Amino acid sequence: MLDLVAPAGTPVPFSFLLKSLFPLPDSKERGDSFIDKIQQEYSIEYCYLLSTGRGALYFILQAAKQLADPEKREVIIPAYTCFSVPSAIVKAGLRIRLVDIDPRTLDYNYSQLEGVDSKDGLAVMACNLFGILSDMHKLERIAGENQLYLIDDAAQSMGSRHGSKYSGTFGDAGIFSLGRGKNMTAYEGGVLVTNNDRIAGKIDDSITELAKPSIKAEIKAFSNLLFYSLFLRPRLYWIPARIPFLHLGETVFDPDFKLSQLSGIQKSVSALMFNELSGINSIRKKNALAIGQALIDNGSYMIPGYTESNCPAYIRLPVICPNNSWRDRAIQKLVSRGINATIMYPCGIHQIPGIREHLGPDCGHFPGAEMVADRLLTIPTHPYLKQTHIETIISTLAEMK
Ligand SMILES: Cc1ncc(COP(=O)(O)O)c(C=O)c1O
């Protein structure tokens, strides 16, 4: 069977899984070591571990809602982002306010954001898509001028920095995701970080009240990680890729998601994975540079956020094709040659079925988001991508017409 390179992922060494079964005898709580590392490295006062990144977003939004005036109920997000973001907003009982994106950066279209009437605004969110950092200085200014909480969603950009300050640590609070396709992974998981005493005060009790993961949940976490670690390899990835009920790569709008703490197994694995994060991000950058430069030179493609001098640590490389049919044909060709290229989100947030009732005003049409949903494909950048795969990607995309 042909090798198939997974669209995204992070290799998890088996030795980490073994170590997670035998935590150090002197550690009272297995998460302590991971939390300590984040607090020290990222200069963070409060850090909480949850079973998902969207759960972390939900708790931040709940805290902001409790602290703000009652008419402040809208959360501003880009019209093209992960469907988990609107899911968390709706679960927190808030309304979604959309702003179009700039396809060159996948960040906000800032002239549109500056024009938004934010009298009912509670918060604005940075989404740092694919690891391309949002313009945090602009967002800090806009949030300050409009009395909005600034939430730094670094689900896709853990380990990247603006100068010496890490993505996720800007604004009032931030999150990281430990999901399967993220910068580092525990199969699933979320990290909530904040230096804001008032937000932490509201979050503290609600998170400690969450049920502790059962033994069954620990066994499930271990077996998920074991299978993930095995089947992410190009030799074996074609097996999970063919199992439809795994729903690999699907993104759903589901405000009814469950909230729970991160399992002990996942805490231990995360503490070990954290030591690998900057090395893995460097590999992603190196792979992205090799492919990105060739595609830019080709002239038919646009790579959002790409600069040769400051290439982001893309969790996958986003490539905007000249049109939709070109994009779909390119994906088919790449898959047939062993590279599991994929689309990212199938539509803008405003086009998700059933979302209308949760949207604020002026949420009808977003040309930037629609164009990107129509034409964007993603290329793997993870450490299982080898030079021969890179050559296949470049030559396949060069053949397209
Ligand atoms: C931008 C963004 N925010 C939030 C999330 C939610 O993270 P999780 O999948 O861990 O719930 C994701 C996940 O894909 C994401 O991409």
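How do α1 and α10 lie to each other? Work through the exercises below to find out.

A word on the model: it is predicted, with local features needing pLDDT of at least 70, side-chain atom pairs counting only at pLDDT 80 or more, and totals for chains, interfaces and linings using all residues. Residues are numbered from 1 along each chain as its sequence is written, and side-chain values use heavy atoms, leaving out hydrogens and water.

**Exercise 1. Describe how α1 packs on α10.**

Step 1: Start with the axes, which come within 8 Å and cross at roughly 140 degrees. (Axes are lines fitted to C-alpha atoms, for helices over the stretch in contact, and angles run from 0 to 180 degrees between N-to-C directions. Helices are DSSP runs of H or I, at least four residues, numbered from the N terminus.)

Step 2: Name the arrangement. α1 and α10 are therefore oblique to each other. (Under 35 degrees counts as roughly parallel, over 145 as roughly antiparallel, 65 to 115 as roughly perpendicular, and the rest as oblique.)

Step 3: Find the residues. Phe16, Leu17, Lys19, Ser20 and Leu21 of α1 touch Ile265, Ser268, Val269, Leu272, Met273 and Glu276 of α10, where contact means heavy atoms within 4.5 Å.

Step 4: Sort them. You get seven nonpolar, two polar and two charged. (Ala, Val, Leu, Ile, Met, Phe, Trp, Tyr, Cys and Pro count as nonpolar, Asp, Glu, Lys and Arg as charged, and the others, Gly among them, as polar.)

**Exercise 2. Now do α1 (residues 14-21) against α8 (residues 215-231).**

Step 1: Here the axes come within 10 Å and cross at roughly 165 degrees. That makes α1 roughly antiparallel to α8.

Step 2: On the α1 side, look for Phe14, Leu17, Ser20 and Leu21; on the α8 side, Phe222, Leu225, Leu226, Ser229 and Leu230.

Step 3: Those residues split into seven nonpolar, two polar and no charged.

Notes
Helices (H or I, at least four residues) and strands (E, at least two) are DSSP runs, numbered from the N terminus.
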